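Hello,

Here is the structure I promised to pass on to you. Have a look at it first, and then read on for what turned up in it.

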Amino acid sequence: MRPLKKISHYLILICLLIINTSFAQFSFVHLTDLHVSDGDSYVNNSDINGVVFSQMLSTLRHLEPRPAFVVVSGDVSNIGNGLNNGMYATLTQFLFPSPISNPGNGDYFIDSALQIPVYFVPGNHDYYLLLTPPLSNSAIDNYTAQIAPDSDYVIHYQNAAICMMRSGSESFRPIWIDNNITTSEGSGIDNSQLNWLQNELVANAGMKKIVVMHHPLINALGTNADGTPSTGTVLDPADGSILNNRDALLNLCENNHVDITLSGHVHQNVVAARDGSVVDENWTGGTRYIQTGACEYGNYRIINVDSNFVTVGDAQQLNPSGLNEHAQTDAANNLNVFYNASQKRIIVDLRNIRHSDVSTISLVTINGSVLTKTNATSGKENLITFAADFLSAGIYIVEVSGTNGIIARKIAIY
């Protein structure tokens, strides 16, 4: 009987070796807020013709070790239903194989050898209908025709389950709760999505669990693309998050021991705990709610997964070359525009921008008509204001022109 006992011991050791080998460490890359565009836009700054995106792909292809895949958490396009069929051709021209009609999840690769697939979920910009209210619709035909299905799904890779979720179109909290409309919320997830995620987390209880969605479940004051402190206003952990089923989704993540969530939308780099406090990338006190800065400014993160832990790398930034249209990046990161509803005034905050970089500030309709313009070079004002009592409710554009080109900010009047 002893030889048989020894054989059984050897078999157990072999099985353990096989299991450990199958759970070998792997890495993947998180990108978000690509904002590719086929032309100038009044909504956000954008990666015109996908120039930054093409240089990002070149960087990722040469990473060592080679990433297993790339996840993109929304705002793939700058205007999902605008101009040239949603602008997505400015992105798919750099992917492999050649552009696909109605592609499935993971059908595109970032390399010609088809070894590094890229997975997408949509963001609020991918739901944009036109540049007139309402800013979204329930279908995103260009996205589904050119990028991926508009659905939730799971990527299973080795010992990890990466749940890719839609967090909805652009929405806003009531003005008496949140007067910071420069950071919009997502409409959120419905009950069927919540049930789907619960089933997936239970089914994958023994695996590392990662949730990827466009809007951050927890917001906190982080850093800009270059690592400097963010000057944007974050009112509370729900600012810029989602409206529907937010608490229920947070409870699901915490109760089912989700390791990390990955998101974008706010264009900053930050890692937070559920209470909104900023924590280290590899904090061990619970689910880590992670934002990565916008890809359009060269940001990305590398995530490493092994059998013990999901290790989150510091936010990385490439320095795109030959991009005159992106010389405005620093100014764009530091420009804030607000609407004071009680005073009926639009406020342009120039405190973190060199005055020599600014020549004129214009208030423009969504159709491009200039309503008013002021020369900002003669004074040293930190705050420029426009009267808004004559404006009808709707979306308008504030344009700041200067040495860095034109920086545009959307503003809602209500």
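Helix H5, residues 191–203, lies across strands E6, E7 and E10. Against E7, the helix runs at about 175°. Please keep in mind that this is a predicted model.

What do those strands belong to? They are part of an open sheet of six strands, in the order E6-E7-E10-E12-E14-E13, and the pairing in this sheet is mixed. Strand E6 (153–157) and strand E13 (270–272) are the edge strands, each pairing on one side only. On average, and with direction ignored, neighbouring strands of the sheet are turned by 20° against each other.

Strand E7 covers residues 160–164 and strand E10 covers residues 208–212. How do the two pair, parallel or antiparallel? They pair in the parallel sense, over five bridges. Within this pair, isoleucine 162 stands opposite isoleucine 210 in E10.

Now for the protein as a whole. It has seven helices and 24 strands. Of its 414 residues, 54% are buried. The accessible surface comes to about 17500 Å², and carbon and sulfur atoms account for 52% of that. Taking the contacts between residues at least 6 apart in sequence, 70% join residues at least 24 apart.

Enjoy exploring it, and write back whenever you like.

Best wishes

Technical notes: Residues numbered from 1 in each chain as written. Predicted model: local features only at pLDDT ≥ 70, side-chain atom pairs only at ≥ 80, totals over all residues. Heavy atoms only, no water. Pairing = 2+ DSSP bridges. Helix = DSSP H or I, 4+ residues; strand = E, 2+ residues; numbered from the N terminus. Axes fitted to C-alpha atoms, helices over the stretch in contact; angles between N-to-C directions. Contact = heavy atoms within 4.5 Å. Buried < 20%, exposed > 50% of the residue type's maximum accessible area, 1.4 Å probe, protein only. Areas by Shrake-Rupley, 256 points an atom, 1.4 Å probe, with all protein chains shown as cover.
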